[in-house]
Amino acid sequence: MTKHHRTIAASAVVGLVIAGAQLAGATGAYADDVKPSVPPGTEPSASAPVAIDSNAPGLKIPQGGTLAPVKVLDIAEVVEDLGGEQRRQETNQTVMMALQSEVLFPENSAVFNAQAAARIQAIGNEINTQKATRIRVFGFTDDQGSYEHGKELSKQRADAVQAELAKTVTDPNVVFDVRGYSEDYPIADNSTEEGRKKNRRVEITFPRSTGGG
């Protein structure tokens with residue numbers, strides 16, 4: 001089946017901040033009452049490629065000024081099929097495959113439909129190719145219904161995907177991290193059915209191999 005794809009590339013950013021400067025949103029820490037924008041363990045992981053010399057003559061730093069720590073963001077490429085049923089996000093560190101719940105499960109169910117196994121097996125084959133040994137399987141719902149029901153359903157769906165992946169992944173040393181997050185960490189607007197459909201998903205994330213494409 002022919003699919004249209006769109007690619008979004010986010011450039012790596014190196015932040016050089018003079019001490020004392022007031023920059024809105026320039027903090028990397030989260031307040032206790034503010035949830036992070038991504039699930040724990042999925043934050044960007046790239047490291048600075050080169051050291052920066054604060055005494056380099058090309059840097060125009062006022063007297064007494066210092067450099068803040070260098071921050072490098074992963075380059076992310078996102079490819080989504082036309083209907084949004086499957087989304088692939090790839091960085092220099094990881095591959096993340098997001099499958100809408102509708103393509104895997106009937107409504108309000110954690111039992112696979114007829115097409116689900118083939119989709120999961122294809123991802124398992126790529127995991128084998130990448131020689132990944134740590135795999136995250138995270139389930140998510142929209143904000144309809146109770147939070148606790150969503151948490152239970154999202155975990156059951158993540159468990160079902162993990163069990164199917166385990167049939168295909170060949171490395172006996174692989175470690176799975178399986179979680180259900182209910183309506184937390186939406187990727188679209190829950191006020192529309194289109195947005196809620198995108199939020200009802202299971203994400204499978206695994207590291208790229210050193211020479212993986």
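Helices (H or I, at least four residues) and strands (E, at least two) are taken here as DSSP runs, numbered from the N terminus. On that basis the protein chain contains three helices and seven strands, arranged along the sequence in the pattern β-β-β-β-α-β-α-β-α-β. The model is a predicted one, in which local features need pLDDT of at least 70 and side-chain atom pairs count only at pLDDT 80 or more, while totals for chains, interfaces and linings use all residues. Residues are numbered from 1 along each chain as its sequence is written, and side-chain values use heavy atoms, with hydrogens and water left out.

pLDDT is the predictor's confidence in each residue, on a scale from 0 to 100; its mean over the protein chain is 78, and 70% of the residues reach 70 or more. Over residues 1-34, however, pLDDT stays under 50. For this segment the model has 49 contacts beyond four places in sequence, a contact being heavy atoms within 4.5 Å. Across the protein chain, among contacts with a separation of 6 or more, 72% are made by residues 24 or more positions apart.

Two strands are said to pair if DSSP finds at least two bridges between them. Strand S3 (residues 86-90) is joined to S4 by a hairpin of three residues, and the two pair in the antiparallel sense over five bridges, with glutamine 89 opposite methionine 96 in S4. S4 also pairs with strand S7 (residues 201-207), again in the antiparallel sense, over seven bridges; here leucine 99 stands opposite valine 202. S7 in turn pairs with strand S5 (residues 134-140) in the antiparallel sense over five bridges, and phenylalanine 140 stands opposite arginine 201.

How well covered are these strands? Burial is judged by relative accessible area: buried means under 20%, exposed over 50%, and partly exposed in between (1.4 Å probe, protein chains only). Of the 213 residues of the protein chain, 32% count as buried. In S4 (residues 94-100), six of the seven residues are buried. S7 is largely enclosed by the rest of the structure, because six of its seven residues are buried. Threonine 205 lies in S7, and counts as buried because its relative accessibility is 8%. Beyond its neighbours within four places in sequence, threonine 205 is in contact with Thr94, Val95, Met96, Arg134, Ile135 and Arg136.

On a 1 Å grid over the protein atoms alone, a cavity is a set of points where a 1.4 Å probe fits but cannot get out, and lining residues have an atom within 4 Å of a point. The structure holds one cavity of 30 Å³ or more, and about 60 Å³ of space lies in the largest cavity. Its lining is formed by Glu80, Gly84, Arg87, Ala98, Gln100, Ile187, Lys198 and Arg201.

Technical notes: On a 1 Å grid over the protein atoms alone, a cavity is a set of points where a 1.4 Å probe fits but cannot get out, and a pocket is an open set with protein on both sides within 12 Å along at least five of seven lines; lining residues have an atom within 4 Å of a point. Grid points are joined across faces, edges and corners, and a volume is the space filled by probe spheres set on the points.
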